Amino acid sequence: MKTERIILGIDPGTTIMGFGIIKVVGKKMEFIQMNELLLKKYEDPYLKLKLIFERTIELIDTYNPDEIALEAPFFGKNVQSMLKLGRAQGVAMAAGLSRQIPVTEYLPKKIKMAITGNGNASKEQVALMLQSLLKLKELPDNLDATDGLAAAVCHYYNSGTKIGGKNYTGWAAFVKQNPKKIS
């Protein structure tokens with residue numbers, strides 16, 4: 001197994017896409033970057049999806065991640081919100097798969113549990129734990145960036161296991177594991 005790898009974590013969204021990148025050397029995590037793509041100012045939903053795809057490709061080309069961890073959309077009451085989040089996640093997933101990078105998705109509760117030990121932790125609790133774990137000097141104003149970073153750290157903690165996450169190594173694997181999503 002490779003002793004050094006880079007993990008890109010993404011919290012997809014159509015108003016803000018948060019992302020974080022860590023480097024794993026042996027069994028030690030190192031913080032590389034976290035930030036967010038602000039999409040609020042764009043009205044066209046298809047332009048937002050294009051920007052998510054392009055930013056994800058840019059991150060891949062800049063940092064050369066070995067793996068991508070995505071926060072899966074949670075099932076809420078608003079069907080339109082779920083559809084928008086699912087599209088944002090799919091576009092980010094497609095960007096990784098287009099570059100042959102394995103993608104794993106994690107439920108928000110799974111990410112919170114991995115970081116704080118509590119699946120119902122608040123965004124603030126997750127951010128503070130990440131600040132402590134990765135020795136971050138300060139936290140961003142919006143916590144979408146820390147949500148993306150949390151997905152990367154969750155993936156690091158869950159490396160080698162498939163519990164709670166779906167893993168796709170390419171389009172063929174995605175199609176094979178999701179026959180009902182393909183028509």
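Student: What makes the contact between the side chains of Asp 144 and Lys 123 a salt bridge?
Tutor: A salt bridge is defined as a side-chain nitrogen of Lys or Arg within 4 Å of a carboxyl oxygen of Asp or Glu. For Asp 144 and Lys 123 the N to O distance is 3.9 Å, so the pair meets the definition. Helices here are DSSP runs of H or I with at least four residues, strands are runs of E with at least two, and both are numbered from the N terminus.

Student: Which residues are joined with Lys 123 into one network?
Tutor: Salt bridges that share partners join Lys 123, Asp 144 and Asp 147.

Student: On what basis are these coordinates and values to be read?
Tutor: The model is predicted: local features need pLDDT of at least 70 and side-chain atom pairs count only at pLDDT 80 or more, while totals for chains, interfaces and linings use all residues. Residues are numbered from 1 along each chain as its sequence is written, and side-chain values use heavy atoms, with hydrogens and water left out.

Student: Why is Asp 144 called buried?
Tutor: Buried means under 20% relative accessible area, exposed means over 50%, and partly exposed lies in between (1.4 Å probe, protein chains only). Asp 144 has 18% relative accessibility and therefore counts as buried. Lys 123, with a relative accessible area of 37%, is partly exposed.

Student: What is the N to O distance between Arg 5 and Glu 67?
Tutor: It is 2.7 Å, and the side chains meet in a salt bridge. Arg 5 belongs to strand β1 and Glu 67 to strand β4 (residues 67-71), 62 residues apart. Both Arg 5 and Glu 67 are buried.

Student: How many salt bridges does the structure hold?
Tutor: The structure holds 7 salt bridges.
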